[in-house]
Amino acid sequence: MSDPSPPRSARFRLPLAGYLIVLAGICWREGLRFLNQRGRFLSALVRPLVWLFIFAAGFRSVLGVSIIPPYETYVLYEVYVTPGLVAMIQLFNGLQSSLSMVYDREVGAMRILLVSPYPRWYLLVCKLIAGICVSLLQVYAFLAVAWFWDVELPPIGYFAVIPALLLTGLMLGAMGLLMSSLFRQMENFASVMNFVIFPMFFASSALYPLWRIQESSLALWWICTFNPFTYAVELIRFALYGQFTPLPALVVAGCAVVFLAASILAYDPSAGVMARRGGPDNAK
């Protein structure tokens, strides 16, 4: 007698509308969390504004920026550091979003999310997309305040930078997601964040042109050259002036793919870090 039950692939075939509902639900949850955590928005906005108002203003007369692409004339120092501060917002947001993953694992929400019938990789990508959407709100809020500080960008740049922000947000979010898989407790992950954020930020072209760094220290220049955050900053910098640079785009895209693939593998309960801990239930 033949088995009347449908094949396994047919039983667990999920509709496309379900995937969209999952994406909308995760984005909605992340948006509500962001609105309820007003301190998160203020800290993400105040941090780069302090650099812009105090640090950049103090070094304006000391660190002049010569004519280098994409700039067609001499620019004030606060104009130069603005793309780096935009990337810093995305870096902090990517790691804070990943910090929430560690928190969700502790309280159980992550366990519920990962045992749903939808592919684990898709759930992680939805989490990244939600984090990127939140970072876009923070970036444009910062750019609006910077505009009143005489940091005027070409009007086309405010639209041309969106693909660059999506790509850099994906890379930095995937990096944070990979880091979150390595820690069982939120306290441990939060303490390591500063050891990742500040070296990546300072050892890049966010604050100084690479040619200035090369003149002062060749070793530091090599570190900045191999720092993926440097290419994220340069991709945003050129995009803000309506220009596209292939090398930073390729490096950021390549790092995003590597970080995302490693994150998916790390969250795989049968092959990744979760497997060595006995699954999400024991990842505390």
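1. Is the crossing of H6 and H12 left-handed or right-handed? In this predicted model, the two helices make a right-handed crossing. Their axes come within 10 Å and cross at roughly 130°.

2. H6 brings Trp121, Leu124, Val125 and Leu128, while H12 brings Leu260, Ser263 and Ile264. Sorted by class, that is six nonpolar residues, one polar and no charged ones.

3. On to the nonpolar cores. The largest one holds 65 residues, and Phe142 and Phe229 have the most contacts inside it. Helices giving two or more residues to this core are H3 (38-58), H4 (77-107), H6 (120-147), H7 (157-180), H8 (186-202), H11 (228-239) and H12 (246-266). The top contributor is H4, with 14 residues. There is also a second, separate core of seven residues, with Ile26, Leu123, Cys126 and Ala130 among them.

4. Phe229 is worth a click in the viewer. Setting aside neighbours within four places in sequence, Phe229 is in contact with Gly84, Ala87, Met88, Leu91, Leu172, Met200, Phe201, Ser204 and Ala206.

5. Finally, have a look at Thr245, which sits in the loop between H11 and H12. Why does Thr245 count as buried? Its relative accessibility is 14%, and the cut-off for buried is under 20%. Not counting residues up to four places away in sequence, Thr245 touches Glu234, Leu235 and Phe238.

Notes
Residues numbered from 1 in each chain as written. Predicted model: local features only at pLDDT ≥ 70, side-chain atom pairs only at ≥ 80, totals over all residues. Heavy atoms only, no water. Core = buried A, V, L, I, M, F, W, Y, C linked by side-chain atoms within 4.5 Å. Buried < 20%, exposed > 50% of the residue type's maximum accessible area, 1.4 Å probe, protein only. Helix = DSSP H or I, 4+ residues; strand = E, 2+ residues; numbered from the N terminus. Contact = heavy atoms within 4.5 Å. Axes fitted to C-alpha atoms, helices over the stretch in contact; angles between N-to-C directions. Left-handed = near helix turned anticlockwise from the far one by under 90°. Nonpolar A, V, L, I, M, F, W, Y, C, P; charged D, E, K, R; others polar.
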